[in-house]
Amino acid sequence: MTDTSLQDRFAARMGQLLGPEFPAQIGLAVSGGGDSMAMLTLAHNWTRDWGVRLRVVTVDHGLRPESAAEVEMVARECAALGWPHDTLRWHGWDGQGNLQDAARRARLALIDAWRGEMAHILFAHTLDDQAETVLMRLKRGSGVDGLSGMAETRRLSSGMVVLRPLLRERREDLRHYLTTLKGHWVEDPSNADPRFDRVRTRQVLALLSDYGLTPEGLVETASRMARARTALMRRTGEAAARIVTEGAVDGRPTGDLWIARDGFAALDRETQLRLLAAGLGWIASASYRPRATALEAVLDRALAGGGGTLGGCELRVSKTHLHLFREFKAVATLSTPAVSGALWDTRWRLAASYPGLTLRALGPDGWGQLGETAKTGACFAAARSLPALFDDAGLVSCPVLGHGNPAEVAFGPVGGPFAAGFIPH
């Protein structure tokens with residue numbers, strides 16, 4: 001592969017991921033490693049033809065003494081190319097849990113907060129990263145979704161769009177490109193630290209390549225799994241359209257889901273699991289599907305007529321329906337001053353200001369102050385987690401149930417209506 005062909009391939013991927021009308025500005029997550037520095041150079045050269053402005057960000061996790069110098073190197077390169085650069089610092093590591101996973105989540109959150117109105121952020125994941133991800137997930141016993149690997153385009157619930165234009169490129173080709181152009185990059189010593197699962201996976205993959213299990217082969221498997229995942233999503237969406245209803249009281253959304261029990265029981269188990277996981281994610285605004293073992297356990301209880309809690313949601317089963325709603329415990333401590341635009345539990349937004357009032361969950365105390373008319377058609381267990389307005393004396397309004405002073409709390413689930421979650425992107 002020549003350097004020219006790499007630039008051409010990058011331009012083609014950018015056209016497929018962003019075209020035909022490119023945004024005025026895109027962001028680049030650049031760590032200073034070879035992959036991200038190659039992406040910076042490729043994107044810089046690409047903008048000559050398309051006129052898109054770049055903003056570059058580096059997240060300094062502060063885990064190594066060399067990180068500050070590495071950030072400065074990226075800043076110098078950006079200045080030389082004429083692009084603005086920002087540094088974000090993470091101080092959240094407490095020494096507990098999976099360091100690399102915590103750092104990845106923190107990086108996404110920090111970049112999401114940094115981007116402002118700009119939606120598209122480029123990340124420099126490569127074909128090698130994809131192969132390692134698939135092998136790691138295979139070791140964990142992942143199913144179709146996990147073995148689909150990373151997507152070239154991922155839309156977060158916040159509106160940020162993660163783009164991976166190098167997901168078909170080899171790490172060695174990117175470094176050759178940089179070397180030819182006399183570019184700069186740094187090697188992170190943690191990339192050779194066998195304490196990390198990904199590093200051990202990288203070492204194993206090198207051995208498996210001699211056996212014939214190559215990165216390209218794993219990525220091809222991921223591509224096939226991604227196609228299967230899309231088909232399964234469509235099938236689950238068709239089932240949802242038949243048997244799932246979004247809850248409402250007198251036309252006002254309640255943010256819960258009602259699933260016809262007989263229709264659900266008639267589905268194959270894979271579709272049941274996907275439908276249940278989608279419902280949990282929609283109600284809790286979760287970015288990640290629950291672990292398979294926990295999800296299977298809740299499904300088994302539901303099919304047996306029992307209920308349970310998972311992922312900040314509660315499931316109850318009646319003779320006719322599975323009722324899925326926000327768990328009160330998950331929102332019991334959430335509160336915000338009742339000002340215009342205030343967002344509560346990611347799905348409920350105040351349309352106006354109500355001075356002196358607080359927006360929080362209705363709770364058992366608020367339920368006890370509701371009039372009997374407001375309780376008609378409402379389920380106590382689910383109503384406890386509805387948004388309500390309080391003052392020092394108690395409940396002032398529960399707009400969803402039509403109680404108290406007129407107030408408007410708009411329901412805006414992340415990603416739109418429940419059915420929209422099954423439309424492949």
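Between which two strands is the loop that holds Asp-345? Asp-345 is placed in the loop between strand S13 (343-344) and strand S14 (348-350). The structure is a predicted model, in which local features need pLDDT of at least 70, side-chain atom pairs count only at pLDDT 80 or more, and totals for chains, interfaces and linings use all residues. Residues are numbered from 1 along each chain as its sequence is written, and side-chain values use heavy atoms, with hydrogens and water left out.

**Figure 1. The loop between S13 and S14, with Asp-345 and Thr-346.** Helices (H or I, at least four residues) and strands (E, at least two) are DSSP runs, numbered from the N terminus. Asp-345 has a positive phi, near 55°, in a residue other than glycine. Thr-346, also not a glycine, has a positive phi of about 65°. Asp-345 is buried, with a relative accessible area of 10%, and Thr-346 is partly exposed, at 40%; buried means under 20% relative accessible area, exposed over 50%, and partly exposed in between (1.4 Å probe, protein chains only). The side chain of Asp-345 makes a polar contact of 2.9 Å with the side chain of Arg-326. A polar contact is a pair of N or O atoms within 3.5 Å; within protein, one must be able to donate a hydrogen and the other to accept it, and residues adjacent in sequence count only if both atoms are side-chain atoms. Not counting residues up to four places away in sequence, Asp-345 touches Ser-285, Arg-326, Val-331 and Leu-334, where contact means heavy atoms within 4.5 Å.

**Figure 2. Ser-385 in the loop between H16 and strand S16 (387-391).** Ser-385 has a relative accessible area of 6% and is therefore buried. A polar atom of the Ser-385 side chain lies 3.0 Å from the backbone oxygen of Ala-382. With neighbours within four places in sequence left aside, the contacts of Ser-385 are Arg-326, Glu-327, Phe-328, Val-331, Trp-344 and Ala-361.

**Figure 3. The second largest pocket and its lining.** A pocket is an open set of points on a 1 Å grid over the protein atoms alone, where a 1.4 Å probe fits, with protein on both sides within 12 Å along at least five of seven lines; lining residues have an atom within 4 Å of a point. The second largest pocket holds about 240 Å³ of space, a volume being the space filled by probe spheres set on the points, which are joined across faces, edges and corners. Its lining comprises 21 residues, and Thr-254, Asp-256, His-323, Ala-382 and Leu-386 lie nearest the centre. Two or more lining residues come from each of strand S7 (244-249), strand S8 (252-260), strand S11 (321-326) and helix H16 (380-383). S8 gives the largest share, 4 residues. The lining divides into 11 nonpolar, 6 polar and 4 charged residues; Ala, Val, Leu, Ile, Met, Phe, Trp, Tyr, Cys and Pro count as nonpolar, Asp, Glu, Lys and Arg as charged, and the others, Gly among them, as polar.

**Figure 4. The largest nonpolar core, around Leu-275, Leu-362 and Leu-401.** A nonpolar core is a set of buried Ala, Val, Leu, Ile, Met, Phe, Trp, Tyr and Cys residues joined through side-chain atoms within 4.5 Å. Of the 56 residues in this core, Leu-275, Leu-362 and Leu-401 touch the most other members. Helix H11 (residues 269-284) provides the largest share, 8 residues. Apart from its neighbours within four places in sequence, Leu-401 is in contact with Val-249, Arg-252, Leu-362, Leu-370, Ala-374, Ala-378, Ala-383 and Leu-386.

**Figure 5. Val-56 in strand S2 (residues 53-60).** A second, separate core of 31 residues includes Val-56, together with Leu-17, Ile-26 and Val-74. Val-56 is buried, with a relative accessible area of 0%. Not counting residues up to four places away in sequence, Val-56 touches Leu-28, Val-30, Leu-40, Val-74, Cys-78, Trp-83, Pro-84, His-85, Asp-86 and Trp-114.

**Figure 6. Gln-7 in helix H1 (residues 3-18).** Gln-7 counts as buried, at 16% relative accessibility. Residues up to four places away in sequence aside, Gln-7 touches Leu-42, Asn-45, Trp-46 and Tyr-177.
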